[in-house]
Amino acid sequence: MTAQHPVISCQNVWKLFGSAPADYLSALPEAPDPETLQAAGYVAAVRDVTLDVHQGEILVVMGLSGSGKSTLLRCMSRLLDISGGTIRVDGQDIGALSERGLIELRRSKMGMVFQNFGLLPHRTVLGNVAFPLEMRGQDRHDRRDRAMEVIELVGLTGREDHFPHELSGGQQQRVGIARSLAIEPDIWFLDEPFSSLDPLIRREMQEEFLRLQSGLGKTIVFITHDFDEALRLADRIAIMKDGVVVQCDTPEKVVLEPATPYVSQFTENIDKARVVRAGGMMVRGVTGTAAEGDAVSAQSTLHELARTLVDDDRDSLPVEGADGRIIGMLDRQDALDLVVGTRT
C-alpha cells in the first residue's frame, strides 16, 4: 500500500475564510490559536494539517459536521485555494499550477464523486458517463466504448439509455461513480457519496465500492461522518475536529488506542472484535519454532477467529500474510480478552 513517495502530501495546510488570509498567516511568527483567529475575524476551516496519502490507499477522513473534512478534500483537489502550507500531488505543488495546468491535472489524474449526484437530467446514462470524455475532446466512438466499459463495471449494463429520473438513488450514484471513473483517474475523491442513500442501498454501494477498488487499486480520499462506514472502507482513518486532524491511523489503532477523548466518543460503542484483525494485534518478527502449527490469516477479524481462539490451546498463534508466509504472532489471551469484552 505504501509508496516511497506519497501521491498526495499535505504539509502544514491552512484554510481560513476572511480578508486576505494568506497575507495574515504569513505575517505571523507562529501558528495562531483559535482564539487569535477569531479575534482577527477569521474562520479556520482547516488548521495546520500535515498528512500523506499513499499509492493504492483508501484514506477515510471523518468528523462531525463543521469539522473541516470536506474543506480539506476541496483543498487537496484545489477546488479551494489554501491559505497557508503546501499540497503536492505526485511531488508537484498544485498551488503553483496555472489554471490550464490545474485543468489538465484534474482531467488526467483526478476523479470526483459528491453527495449530490450532479447528473445532467437531459442526458442518458451513457451521455452522462461519456460527458467528461467529451469535454476532453475524445473521439465519439472511443468515448462511447470507454463509457460502456465503466457502465458494465458498475453494474448498469442495460440501463445505458435510461435518463436519471428513471433510475433509483443507488443507480444514480453508480452513474456518478462511472462518470468519475471514465477518465481513468489515478486519484479518486469521494465526498460523502452514499450519505443520502437508504441504509440497505448504502451498504450495497459500500460493497460495490470495495469490489471496484479491489480491481482498480486507486488512491482514494473518502469523506464520511459515519464511523461504521469509515471502519469498513478505510486503510487509514483521519479524524478531524475544528479543522485539525486529531488522529490518523489504521482502523485497529483508532479503535484500540484512541488518541483523544473526542476520538473515544466515536469508538466507545464499537464491537472491537468485528474491527480488529489478527494482523493489527500481532507481534511481528517470528523465528524458530515459535510459529509452528496452523496459522491464522492476518486479514481475519477476531470475531471471525473466535472459535479458533477458544479451541486452540497455544499461547500464541502464528499469523500469515496474503502470500502464506508467517509474519507475526497473535497473543491468544489478549485476543480472547478483546473478544469477550474484558479489555477496553
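The model is predicted, so local features need pLDDT of at least 70 and side-chain atom pairs count only at pLDDT 80 or more, while totals for chains, interfaces and linings use all residues. Residues are numbered from 1 along each chain as its sequence is written, and side-chain values use heavy atoms, with hydrogens and water left out.

**Overall build**

- The protein has 14 helices and 14 strands, which are DSSP runs numbered from the N terminus, helices being H or I of at least four residues and strands E of at least two.
- Along the principal axes, the C-alpha atoms fill a box of roughly 65 × 60 × 35 Å.
- Of the 344 residues in the protein, 45% are buried, a term that stands for under 20% relative accessible area with a 1.4 Å probe, protein chains only.
- Where contacts (heavy atoms within 4.5 Å) link residues at least 6 apart in sequence, 67% of them join residues at least 24 apart.

**The setting of Ser180**

- Ser180 belongs to helix 7, which covers residues 169–181, and counts as buried because its relative accessibility is 5%.
- The side chain of Ser180 makes a polar contact of 2.7 Å with the side chain of Trp188, a polar contact being a pair of N or O atoms within 3.5 Å in which, within protein, one must be able to donate a hydrogen and the other to accept it, and residues adjacent in sequence count only if both atoms are side-chain atoms.
- A polar atom of the Ser180 side chain also lies 2.8 Å from the backbone oxygen of Ile177.
- Beyond its neighbours within four places in sequence, Ser180 is in contact with Gly111, Met112, Val113, Pro185 and Trp188.

Definitions and conventions: Buried means under 20% relative accessible area, exposed over 50%, partly exposed in between (1.4 Å probe, protein chains only).
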